[in-house]
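Hi,

Here is the structure I promised to pass on. Have a look at it first, and my notes on what I found follow below.

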Amino acid sequence: MDTIELEKRHATGVVPQRELAIVRGDGAVLWDDHGNEYIDCMSGHGVAIIGHNNPYVAEAICQQARQLISLSGSFYNDQRAKAMAKLAEIAPEGLSRVFLSNSGAEAVEAAIKFARMATGKPGIIATMRGFHGRTMGALSATWEKKYRQPFEPLVPEFSHVAYDNLNALQEAINDKTAAVLIEVVQGEGGVRPASPEYLKGLQALCQERGVLLILDEVQTGFGRTGKMFACNHYDLTPDILCLGKAIGGGVPMGATLIGPRVQNILPMSHGSTFGGNPLAAAASLAAIRYIEDHDLPRQAAEKGQHFMERLRQISSPKIREIRGLGLMVGVELRSKAAPYLAALMQERVLALPAGRTVLRFLPPLVISIEQLDRAAEAVERVLQADLDSAQSDEE
Ligand SMILES: Cc1ncc(COP(=O)(O)O)c(C=O)c1O
């Protein structure tokens, strides 16, 4: 039985899948089980920032696997200590305490719990079109109805306000509010960067009203937007920073960093068996070293600008808007994105949806200009076809 049939037989069906079995990767290229080559503009939903088969991370994993793979948080560990120190060093100043976990959703769960514990208040204000994960707490902050509705009732005291709208936020904050939780660039919600005025006003408003600011940089972190963290573009310092995806160089990991306004974190109030395991910590250290050695944030800024300029040369009535920050790029169409994503796959380019109408490009930051040009040419070709009535599995 081939891979696709075998996986289909045992999968729950909860994750829609493309008819493609990927078995190998290198840099920004993936290969299927028939040896066909694809340009990867997904990086596994934003994980593989440093490229597939990265030599730093492969070497670190092998070395650490021979030394010590797992260790509970009850003991100190050299790799964990170094990884925490490194995260605190590269994060905005003051975010010096780190809780390590295994995913973006877990990073957000910890943030919600820490915010409630530190303030003694229950309220979390998130934003329309925001995405923060699918566990019950993170899901309560996520906006999209189709993710939320089957699981209601969700966690109480969560509300959603319009994104990029300071007045809406100002009105929503009340004496039950613990924190405001936002993405600096909304990813799943359609690749929507917030305005600099909003982000600047946001921090001042949170401080003035005595609520905590939680930034979810699970998708935007580690160079994706052209700076190490998207908040660096705006000199924004949150009270809590949620990290995931690229943090472990491909190994599952999440992190929640907290600043000086987050106090009263009680012992035993939170935990995670695998959180801060030496293997993930070693992989993370290697991944961050690679990002720094190769100045990937700068590469993302330059390549992102080139890619967006190239996409803007496409003259198609199907394009509503092209937007993004660094190598986080969205092409909003006037119709559904799914048939065009399927056509791109036929062109051997893998890209993502973001909402119903946006083609989202999150390539590894090591992608070459030539590969980006090939991806843009493929976009141009698929937009010439009339696919508006075509069906696709990912809708
Ligand atoms: C902004 C943001 N937060 C949280 C998450 C959840 O991360 P994970 O899927 O690792 O739980 C995601 C995943 O796409 C995300 O984009």
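Trp 31 stands opposite Glu 37 in β3. That pair belongs to strand β2 (residues 29–32) and strand β3 (residues 37–40), which run antiparallel and are joined by three bridges. Also in this pairing, Val 29 has Ile 39 of β3 as its bridge partner. The two strands make a hairpin with four residues between them, and Gly 35 in the turn has a positive phi of about 90 degrees.

Before you go further: this is a predicted model, where local features need pLDDT of at least 70, side-chain atom pairs count only at pLDDT 80 or more, and totals for chains, interfaces and linings use all residues. Residues are numbered from 1 along each chain as its sequence is written, and side-chain values use heavy atoms, with hydrogens and water left out.

A word on the names: helices (H or I, at least four residues) and strands (E, at least two) are DSSP runs, numbered from the N terminus. Strands pair if DSSP finds at least two bridges between them.

**The sheet around the hairpin**

β3 is also joined to β15, by two bridges, and these strands run parallel. Here Ile 39 stands opposite Val 349 in β15. Put together, four strands form an open sheet with mixed pairing, in the order β1-β2-β3-β15. β1 (22–26) and β15 (349–350) are the edge strands, each with a single partner, so one side of each is left without a neighbour in the sheet.

Helix α13 lies across β2, β3 and β15, and runs at about 95 degrees to β3. Contact here means heavy atoms within 4.5 Å. For the angles, axes are lines fitted to C-alpha atoms, for helices over the stretch in contact, and the angles run from 0 to 180 degrees between N-to-C directions.

**Two partners for α13**

Two packed helices are described by the angle between their axes and the distance between the axes. Helix α12 (residues 338–346) packs with α13 (residues 369–384) at an angle of about 125 degrees, with the axes 9 Å apart. That makes α12 oblique to α13. (Angles under 35 degrees count as roughly parallel, over 145 as roughly antiparallel, 65 to 115 as roughly perpendicular and the rest as oblique.) On the α12 side the contact is made by Tyr 340, Ala 343 and Leu 344, and on the α13 side by Ala 378, Val 379, Val 382 and Leu 383. By class, that is seven nonpolar, no polar and no charged residues. (Ala, Val, Leu, Ile, Met, Phe, Trp, Tyr, Cys and Pro count as nonpolar, Asp, Glu, Lys and Arg as charged, and the others, Gly among them, as polar.)

Helix α11 (residues 296–312) also meets α13: their axes come within 10 Å and cross at roughly 25 degrees. The two are therefore roughly parallel to each other. From α11 the contact takes in Lys 303, His 306, Phe 307, Arg 310 and Leu 311, and the α13 residues that they meet include Ile 369, Leu 372, Asp 373 and Glu 377. The residues of this contact divide into seven nonpolar, one polar and five charged.

**Another helix pair**

How do α3 and α10 cross, and at what angle? The axes of α3 (residues 55–67) and α10 (residues 278–293) come within 8 Å and cross at roughly 155 degrees. α3 and α10 are therefore roughly antiparallel to each other. By class, their contact has 12 nonpolar, one polar and two charged residues. Among those from α3 are Tyr 56, Val 57 and Gln 64, and among those from α10 are Pro 278, Arg 289 and Asp 293.

**The seven-stranded sheet**

Seven strands form an open sheet in the order β4-β12-β11-β10-β7-β5-β6, again with mixed pairing. β4 (97–101) and β6 (158–161) stand at the edges with a single partner strand each, so one side of each has no neighbour in the sheet. The twist averages 20 degrees from one strand to the next. Inside it, β11 (residues 240–243) and β12 (residues 254–258) pair in the antiparallel sense over four bridges, and Leu 241 has Leu 257 of β12 as its bridge partner. Helix α4 (residues 78–90) lies across β4, β11 and β12, running at about 120 degrees to β4.

**Overall**

The protein has 13 helices and 17 strands, and its C-alpha trace spans about 55 × 55 × 40 Å along the principal axes.

Best wishes
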